[in-house]
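Please keep the sequence and the coordinates at hand while reading.

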Amino acid sequence: MLRRLVTLAIAVLMFSPLGRAQNARPDPAPAQRHDISGIWDPANGPGDGIGGTGSKAMPEDGKPEHQLPYTALGLQKLNASKPGNGARMVQPGEINDPAVVLCDPQGLPREDLYELRTTQILQTPVSVIILYEFDKIWRVIWTDGRELDKDPPEPRWFGYSVGKWEDDYTLVVQTNGTDERTWLDKAGRPHSADLLMEERFHRVNHDRLELTVTINDPKMYTKPWVALDKFPMKLLPPTTDVREMMCSVSEFREYDKAMRFNNPADKQ
Amino acid sequence: MRKVTTIFLVAVGLSAVSVPLFAHHGNAAFEAGSSVTVKGTVTEWYWANPHCFLKFDVKDDKGSVVHWVAETSNPADMVNRGWAKQSLKPGEEVTVTMQVVKGGNPIGRVQQIVLANGRILSTQLPPEPKPTDTVAKP
């Protein structure tokens with residue numbers, strides 16, 4: 001009996017995200033200066049970046065320590081959202097998440113906070129380009145020394161991004177001009193057009209990258225808050241074939257009909 | 001009444017070994033902790049985004065056919081779990097274990113499928129390869 005229990009415990013540890021997290025190479029090489037390029041995967045397993053209940057650092061799980069500092073307007077906008085996960089989750093037919101019921105682009109900052117999966121980062125002399133597996137989306141971060149336009153011309157799903165090297169291994173990216181129709185995360189947290197998002201890409205060593213995301217949106221939150229805190233990513237071989245993962249409207253409608261979820265968009 | 005050949009709760013074991021798969025429509029529709037196993041015949045296997053799903057027929061105790069549908073994650077996730085577009089074919093006999101929706105409709109979220117030849121298709125991730133196989137050399 002004892003032997004069976006020990007075997008079971010070993011098997012559970014081997015299969016668990018905790019067990020997988022232990023599989024780090026003992027002595028990774030140092031990173032090159034000003035280089036975050038590569039194909040990166042969540043280091044603690046592919047599920048670590050899903051964020052189904054909202055931002056990983058501040059999930060909407062009803063715990064007081066995860067209560068965000070909403071303004072009155074922020075709270076009003078939050079209450080208008082009807083998410084499918086988290087402490088405020090509703091039945092499928094009541095969900096009003098545009099990325100779920102319409103397959104809309106989820107934009108930024110949600111691309112970092114929901115379904116952060118295998119991520120390819122490319123660098124040119126003037127930019128950093130990120131290719132996200134989820135939604136098969138790309139974005140450009142300008143690193144040519146320009147300043148972030150304080151008055152961006154028109155809102156974009158993924159806004160406007162400018163990056164600067166804070167030190168040899170940390171790229172700090174500021175993004176503004178995002179489209180306020182998008183949800184900040186899967187839990188339906190709001191953001192306004194005035195959102196200023198900061199991403200810190202810190203390359204710990206050759207094999208490891210950490211991403212920290214800070215939300216600064218005075219219209220919705222009384223103070224900045226950290227949505228992703230040193231989220232660890234591991235380097236994959238450069239020949240890794242990143243697969244497609246996206247929301248196909250026609251296939252989604254077949255699925256929704258079969259599952260009898262009564263998607264509101266299908267009734268329009 | 002649907003023909004349920006086995007009903008067993010495996011919540012503890014599954015939670016210990018699983019990587020979370022968040023459904024497009026969330027979790028509110030599903031019966032938390034449920035795990036129901038039925039035997040049936042595949043009618044259609046949809047390899048689709050944002051979710052693959054299986055349609056299959058199950059005969060109930062009176063011999064009537066109940067049309068079941070059960071979702072999985074998206075194709076990329078399923079490939080990582082050893083599934084493929086060709087994994088399931090119409091007419092194939094399958095034993096499906098799934099989390100079911102509240103309210104009794106024949107709808108679920110696949111946990112595992114056992115094919116007629118004994119092969120198991122699981123929605124759980126297999127153990128990760130050794131780091132030397134997955135991490136690029138400096």
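**Model and confidence**

This is a predicted model, in which local features need pLDDT of at least 70, side-chain atom pairs count only at pLDDT 80 or more, and totals for chains, interfaces and linings use all residues. Residues are numbered from 1 along each chain as its sequence is written, while chains are lettered from A and ligands numbered from 1 in the order in which they are written. Two residues are in contact if their C-beta atoms, placed from the backbone, lie within 7 Å. Where pLDDT is low, the predicted coordinates should not be read in detail.

Helices (H or I, at least four residues) and strands (E, at least two) are DSSP runs, numbered from the N terminus. In chain A, nine strands close into a barrel in the order S1-S2-S3-S4-S5-S6-S7-S8-S9, with mixed pairing. Strands S8 (residues 208-216) and S9 (residues 225-236) of chain A pair in the antiparallel sense over seven bridges; two strands count as paired if DSSP finds at least two bridges between them. Within this pair, Leu209(A) has Met233(A) of S9(A) as its bridge partner.

S9 of chain A also holds Ala227(A). Ala227(A) counts as buried because it has 26 C-beta neighbours inside 10 Å. The cut-offs are 20 or more other C-beta atoms within 10 Å for buried, 12 or fewer for exposed, and partly exposed in between, with C-beta atoms placed from the backbone. Leaving aside residues up to four places away in sequence, Ala227(A) touches Ser55(A), Ala57(A), Met58(A), Pro109(A), Leu113(A), Val213(A) and Ile215(A).

A nonpolar core is a set of buried Ala, Val, Leu, Ile, Met, Phe, Trp, Tyr and Cys residues joined through C-beta atoms within 7 Å. The largest has 38 residues, and Ala227(A), Leu209(A) and Met233(A) are among those with the most contacts inside it. S9(A) gives the largest share of this core, five residues. Apart from it lies another core of 33 residues, among them Ala258(A), Val38(B), Val42(B) and Cys52(B).

| Helix | Residues | Buried residues |
|---|---|---|
| H3(A) | 72-80 | Gly74(A), Lys77(A), Leu78(A) |
| H6(A) | 249-259 | Glu251(A), Phe252(A), Tyr255(A), Asp256(A), Ala258(A), Met259(A) |

Turned away from the buried side of H3(A) are the exposed residues Ala72(A), Gln76(A), Asn79(A) and Ala80(A). On H6(A), Val249(A) and Ser250(A) are exposed on the other side. Arg260(A), which follows H6(A), has a positive phi near 55°.

**Chain B**

The buried residues of H6(A) pack against strands S3 (53-59), S4 (65-71) and S6 (107-115) of chain B. Chain B has three helices and seven strands, running β-α-β-β-β-α-β-β-β-α from the N terminus on. Of its 138 residues, 38% count as buried.
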